[in-house]
Amino acid sequence: MSHVETVHSLWTLAAAEAPKKIPGPHIEYVQLSPTLIVLGAALLGVLAEAFLPRGVRHRAQLGLAALGLAAAFAAVVALAAGGYASDKSHVAAMGAVAVDGPALFLQGTILLVALVAVFTFAERRLDPAADGRPVDSFAAQAAAVPGGDAEREAVAAGMVTTEVFPLVLFAVGGMLVFPAADDLLTLFVALEVFSLPLYILCGLARRQRLLSQESAVKYFLLGAFSSAFLLFGIALLYGYAGTVTYAGIADVVSGTTRVMDPALAGSTANDALLLVGVAMVLMGLLFKVGAVPFHMWTPDVYQGAPTPVTGFMAAATKVAAFGALLRLLYVVLPGMRWDWRPVMWGVAIVTMLVGAIVAVTQTDVKRLLAYSSIAHAGFILAGVIAATPDGVSSVLFYLAAYSFVTLGAFAVVTLVRDAGGEATHLSKWAGLGRRSPLVAAVFAVFLLAFAGIPLTSGFAGKFAVFKAAAQGGAAPLVIVGVLSSAIAAFFYIRVIVLMFFSEPKADGPTVAVPSPLTSSAIAIGVAVTLVLGLAPQYFLELAGQAGVFVR
Amino acid sequence: MENLIGTLVLVPLLGAGVLLCGGRRLDRAGHWIGTFAAALSFVIGVVLFADMLGRSGEDRELAATVFSWVPVGGFRADVGFQLDQLSMTFVLLITGVGSLIHLYSVGYMAHDERRRRFFGYLNLFLAAMLLLVLADNYLLLYVGWEGVGLASYLLIGFWQHKPSAATAAKKAFLVNRVGDMGLSIAIMLMFTTFGTFAFGPVLENADKAGEGRLTAIGLLLLLAACGKSAQVPLQSWLGDAMEGPTPVSALIHAATMVTAGVYLITRSGAIFDGAPDAQTAVVTVGAVTLLFGAIVGCAKDDIKKALAGSTMSQIGYMVLAAGLGPIGYPFAIMHLVTHGFFKAGLFLGAGSVMHAMNDEVDMRRYGGLRRYMPITFVTFGLGYLAIIGFPGLSGFFSKDKIIEAAFAKGGTEGWILGGAALLGAAITAYYMTRVMLLTFFGEKRWQPAPSPEEPGAEPAAETRGEGRMPHPHESPKVMTIPMIVLAAGSVLAGGLFSLNDAFLTWLEPVTGHEEGHSPVTAVQVTTATLVVLFVGVALAWAQYGRRPVPVTAPPGSLPVRIARRDLLQDDINHIVLVRGGEHLTRSLVYVDHTLVDGVVNGTAAAVGGLSGRMRRLQNGFARSYAVSMFGGAAVLIAATLLMRAV
């Protein structure tokens, strides 16, 4: 057969066979509505940024974001009430997104946290007005060189970066999908969707812009690095299982099905691929939760990012990332529990200890809180490792409790200011309790909650997590956790002692009077902290009911 | 009738509540309210007694559960009362003697500003003591036990402005804590052994528990009894407790509270019956204390302290009898009752003398008072004859029985115990005759009233004028009538109880009774008792009756000085417990400072140092961070693979 004939026959063959229709994907729009609403609001925000006059943008963006988040939360509640959290839970969008108890619980938490965070984003009374116009925590013009002429002009022109609102909404959209992702590709896409806006947000601080930009670059570089690991891990797992869906991989792991893809015959069910792939995927997630030794970005980024962004990131990212980690370990890998548990034990122990120990010598409030968040990641990991239904519900509860404490604490940090912006050095906080008893008392409540003192949500959460871990056979982990808590209590209480039992400095910082936005954010933080501390039972039961993953 | 039992406790409790919470507006009538409450509970007691007599021996026990107190899982404690012959005896003694002493106090405390409070405490004591003897389980008994301890503490320290009274109260409280600890641990042991602490099930099942358990419980109960009843080795508080007003000494530290230990042992008879070692400990404690108290009583010049020594000694007799088991229980209680009469009478007499002598307590400054205070002399004298066991009076019947029972124990033990009891009887005769002679006979050795600097003075002395010679007079009727009634009891009770063995028959259904196999006959014992009685009286007469008594005590030989120092009880406690405790505390403080603080501070320093090193890893370079992540990932992968390999 000549070359021409071959080509011809190929043509005719192609023509002879009727072209196959690619079936349109089946999408359950209603069940995905929380994510869709948030992303829709984000798109509207972009349009608003393009078409609305500058004067009304701030108000419009805030309203849009708050409305979108509230509507999404309402959708989550409606779905949960409709039974999607329990008996009707299933995997939507062609196996890409799970709609089940943990997903809805975490999405609800993320949305509430984001809603409160948006309030702190919109705060415009703390920074002294620039040329008579109120400004927020974000740079006048992000692209301008710090300290350069362009920046001065932008400030003089009263420019503000209202793009932060759509950016937050995009990040929230990614975070909503992240813990619900039911295949590895969706997981990766969601990760990038929420990471990229965060990288940008980190670099947008109005004050100390160099530090802010440095943190953004570091976060981006290291985030990209970890994404590479994650992606490589996904590839290896695909090689192992011949599929990227959680359920499919789980089946191969447990040996119930063998994929008959001849192209992958050489690699299917090769345990080396599985183990290396799992380790790499885990690493990608551990990076996001800030577990040791993938935590190094945390202090630098938390310190450099605008404080409202730090609060949002510390709270919401942790919720989303732990949600994804839970789903991965409980849905994909229960069959290889004996492989991942010892490794995760090690990670949890190192995380708790390093976070607590290094925090002891910190002198900056934001870095202190960063290390504290590392230690808390360790505590939550202890609950994750329990590998029991109680473990899931305790982690859910802990995440909800912890995120509001964190948000509130960072919101208080934005209030304590001196001429250079926020006064984050601890020495400046000395005697704060004498000058501003209320602010100091509120911060003390958050610190006590971090320390896990009874009658605060921190205690209820820590107790639930440690109890689950102990019942799950991880008693040594609990012992390390309690010891770390003891170390951690030292530096939390030290701040309280500093605030209430030291003489105020003559040139100490002032406490700015915030608008109702930040005030309400802090008030919500205190309220949730106390309610979850005083009467945790209802919420523990809620988390308990939401603790079953769909497969 | 069952419902009346609760009111026995409730009436004085209400009285105490009204008096203590009522405030000053009750100052004028407070003492009569208190006395009325006491008298009312006595009337209720008599009604219950009459009712009880109307039934036959085995059906006399009444029980009433008021409410479920602590229902926690398998743990169940009720507030329940049990009124049997034993409790009934105590109820009548407590409310009867208690009412008389309330009446007496109306006169005795007439000039005290805080009289209302005093009567409130007395009522509180009555309520607690009645609760103690009426409880149907050990836990509720413990409540009463602590309640009488509290009342005792409050009343010993009633004149709290005197440092000696405040210290004495504290001492009594602390020493009693030791005993209370024994009782609480005994109750816990009972619960673990029997699963309950109600009298019924515990005592019925006592024989099923191992002897080791029973011995442990018995010894702990003995410890409790030692604390409350001032038995060796926890006797040291009773002498100092005489700092309290004299009616308190009469009621609490002679007639009722201090006999609670005897009640406890008798009530727990079934436990001791199954634990011979514990019984041996009980009789040993009793025998030692009866001699100890008697010897101390010989050496004291303070009339109340001499009587306190006597109390200790007489309770020693009761404990000895209780330790003998069923052959002794009824006689322990019988002596307890007769002792309640004559010792309360003696204390009230002493109070009357002090009242007349400007609150002087030193007997060497009395003398010849019989002509000035005839009623006091006669009543005190009858009490004296009763306690030394003069034939026909109360003490003769009850003490004689105990001595007989001690011999009946049998063997060497019986001879030792009987001998000790006889010796005690001789010493009793000696020191009581001494008290009698020093106070009512001989020359007048009166001295001007103590000046206010001297700590022994009661505040009432000021109103009577110090620095003047006393001019003794008979006490008012409100004080003499109780003394007369008690004297009548001292004379008659023993005889009535022994008529046809009435008391024995009455108590037997509760305590049981056995006749011992005595190596000596009852006649022999009685004869021996009378001989030693005569010897004791004669000795005292030779020393204090024939010769004039010096106003200041002679220095005395070494044994006398030791006896004056209460046989060195406080010195021994100081050396063994106080010094030992101080050493222990110091060494613990040292350990705390060096070891505990060292570990704590060392840990803190170590964490701080580690923290300083580790934060250097956080050097700010993204490349270092990436290396850390890469290393971490490598370790993670290696570890995962390794886990599969092993």
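Select B:Asp571 to begin: with a relative accessible area of 24%, this residue is partly exposed. Here buried means under 20% relative accessible area, exposed over 50%, and partly exposed in between (1.4 Å probe, protein chains only). This is a predicted model in which local features need pLDDT of at least 70 and side-chain atom pairs count only at pLDDT 80 or more, while totals for chains, interfaces and linings use all residues. Residues are numbered from 1 along each chain as its sequence is written, chains are lettered from A in the order in which they are written, and side-chain values use heavy atoms, without hydrogens and water.

**Salt bridges in chain B**

B:Arg565 and B:Asp571 form a salt bridge, with the closest N and O atoms 2.8 Å apart. The term stands for a side-chain nitrogen of Lys or Arg within 4 Å of a carboxyl oxygen of Asp or Glu. Over all chains, the structure holds 26 salt bridges.

Next, select B:Arg116 and B:Asp27. Their side chains meet in a salt bridge, 2.7 Å from N to O. B:Arg116 lies in helix α4 (residues 115–134) and B:Asp27 in the loop between α1 (2–21) and α2 (30–53), so the pair ties together parts 89 residues apart in sequence. Helices are DSSP runs (H or I, at least four residues), numbered from the N terminus. B:Arg116 counts as buried, at 11% relative accessibility. B:Asp27 counts as partly exposed, at 28%.

Move to B:Asp301 and B:Arg434. This salt bridge has its closest N and O atoms 2.7 Å apart. B:Asp301 sits in the loop between α13 (276–299) and α14 (303–323), and B:Arg434 in helix α18 (residues 411–440), 133 residues apart. Both residues are buried.

**Where chain B touches chain A**

Show both chains. In contact (heavy atoms within 4.5 Å) are 25 residues of chain B and 37 residues of chain A. The area buried between the chains is about 2,700 Å², and carbon and sulfur atoms give 75% of that. Buried area is the accessible area (1.4 Å probe) that two parts lose on being put together, summed over both. Pick out B:Met629, B:Leu636 and B:Arg644: in chain B they lose the most area to chain A, together 25% of what that side buries.

Helices α24 and α25 (622–645) of chain B each supply at least two residues of the side that touches chain A. The largest share of that side, 15 residues, comes from α25(B).
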